Amino acid sequence: MQWTRQLRYKPYQAWPTEYLEKIEKQATASTYYPQFHIAPNSGLLNDPNGFSYFNGKWHVFYQAFPFGPVHGLKSWVHLISADLVNWKKLGPALLPDSKYDAQGVYSGSAHQIGDQLFLMYTGNVRDQNWQRHPYQNGAWLDQNNKVTKLSLPLISQPEQTTDHFRDPQLIEKDGKYYVLIGAQDKKSLAGRINVFTSDNLTAWKNLGYLNFSADDLGYMIECPNLVTVDQQPVLIFCPQGLEHEILPYQNIYPNTYLIGSQVDLDSASFTSQSNLALLDYGFDIYASQAFNAPDGQAYLISWLGLPEIEYPTDAENWAHCLSLVKRLTIKNHRLYQQPVANLKKLRQQEHQLTGQASGQVEKTLAAKTTNQYELKLEIPADQQGTLWLFRDSEKAEGLKIKFATGKVAKILIDRSQTGQPFAKDYGQTRQVALNANQPLHLDIFVDHSVCEVFVNQGEAVFSLRVFPSASANKISLAGKQQINYNGSWWNLAKSCF
Ligand code: FRU
């Protein structure tokens, strides 16, 4: 299919049902389709939106273009969960069907107000000359999950920004509402976060740009999120066009965070003593959304994909998925991310792994997996070796996780030898330095074409996609010298329906 603008923006009702059914079957039949990650029935999924807790359930929505693996006319698809692990898809919640979102219901957030959930999102509108007019819109979700859009926008494009003005995060603090919006300054064409406030959700006052960094952060900031983690404010955002001197990164656009010491939204200030850092060291992470739940904890979910990159499942008319939900904490001035504890509920029979891998000979830890498992492994200090996932030794295929836990300590992930390499222009390895002479704890989730590697209780995370051959399903370990390893692996149950 030639994805012309006309096709990408064709009204939803103009697509034949048979076409949608046909491509939904393609996704379901795909060997790459995840079973415990949220993925689209068909077409493209991107940002998580409206991540929240409401009416006794966790809610998340995602950006969807159901008709193909491309960015087109976007809508929100709604899912609910009782435990942040088992998700039920309720279907489309916000469709591009009003004057103020006619060319797409773009990203946004959710916040409970009274006994309803308030959704705030960007309406993408294009005029006859394809000039963009962004609006920040509102909608109510009631206790029966029924959505009612407000008839008028809440905020229009301010004088000082370009038409890059989107992704509102609604926050309530001391009886007042605030919204953080990703923006591009008209004069400097620099990326900014614009802050607004309101007492009543109707009349919004522009408080100006958030003062949070002395650095030039590129030309646009997408998906800003402010959360409290262990009593500290944390700002999570996606700066596009960020100079590599400010922060080394390899993905087309990074997802970054700053830990603050103080935040005062009325004066649009966020003070930070820490440096800008990468949220995730993997290849495929973007548009993360975090929020503070009623239990006070901060939870995070991300898009496991990136804009402007082609993925192998494009050929199957579906693309991308969301990450697992992670709980955030701060330790040693760093953000830690751990998979939510309820994921243990998906574990099936335990396979214990204790033994030795010796001198270059590759030791099989699991001869044949379903590529739908959790692997926990502990490697002692002062070792060097390679853990292979999605491994087929005969084909010399596999995802290579190289580790060193001695004086030089690091972990490096190489996906160049997996079935269908992609996004090669952005490098095929990612790595992070670790503390010297410490044992290494890995908690790894594999879901057919998804791999999330949690290092040392969430000190670092690598989130990535891989597209292995069907036969590439072994787990093995090879050490430089003898390695005593210890751990377990479990098949995991399907949890997204
Ligand atoms: C980030 C993003 C957002 C926008 C949405 C559109 O991936 O570009 O800025 O709201 O995707 O789908």
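**Exercise 1.** Is Ala29 buried or exposed, judged by its relative accessible area?

*Solution.* The model is predicted, so local features need pLDDT of at least 70 and side-chain atom pairs count only at pLDDT 80 or more, while totals for chains, interfaces and linings use all residues. Residues are numbered from 1 along each chain as its sequence is written, and side-chain values use heavy atoms, with hydrogens and water left out.

Step 1. Take the classes: buried means under 20% relative accessible area, exposed over 50%, and partly exposed in between (1.4 Å probe, protein chains only).
Step 2. Ala29 has a relative accessible area of 61% and is therefore exposed.
Step 3. Helices (H or I, at least four residues) and strands (E, at least two) are DSSP runs, numbered from the N terminus.
Step 4. Between Ala29 and Ser469 there are 440 residues in sequence, and the C-alpha to C-alpha separation in space is 15 Å.

**Exercise 2.** Determine the class of Ala319 and its separation from Gly68.

*Solution.* 
Step 1. Ala319 is part of strand S22, residues 318-319.
Step 2. Its relative accessible area is 0%, so Ala319 is buried.
Step 3. Gly68 is 251 residues from Ala319 along the chain, and their C-alpha atoms are separated by 8.3 Å.

**Exercise 3.** Which backbone atoms does the side chain of Thr369 reach?

*Solution.* 
Step 1. Thr369 sits in the loop between strand S26 (363-366) and strand S27 (372-379).
Step 2. With 7% relative accessibility, Thr369 counts as buried.
Step 3. Its side chain reaches the backbone nitrogen of Asn371 at 2.9 Å and the backbone oxygen of Asn473 at 2.8 Å.
Step 4. The criterion for a polar contact is a pair of N or O atoms within 3.5 Å; within protein, one must be able to donate a hydrogen and the other to accept it, and residues adjacent in sequence count only if both atoms are side-chain atoms.

**Exercise 4.** Describe the loop residues Asp425, Ala423 and Gln231.

*Solution.* 
Step 1. Asp425 lies in the loop between strand S30 (409-414) and strand S31 (429-433); Ala423 is also found in the loop between S30 and S31.
Step 2. Asp425 is exposed, at a relative accessible area of 73%.
Step 3. Ala423, a residue other than glycine, has a positive phi near 45 degrees.
Step 4. Gln231, in the loop between strand S14 (220-229) and strand S15 (232-240), is not a glycine either, and its phi is positive, about 65 degrees. Gln231 counts as exposed at 73% relative accessibility.
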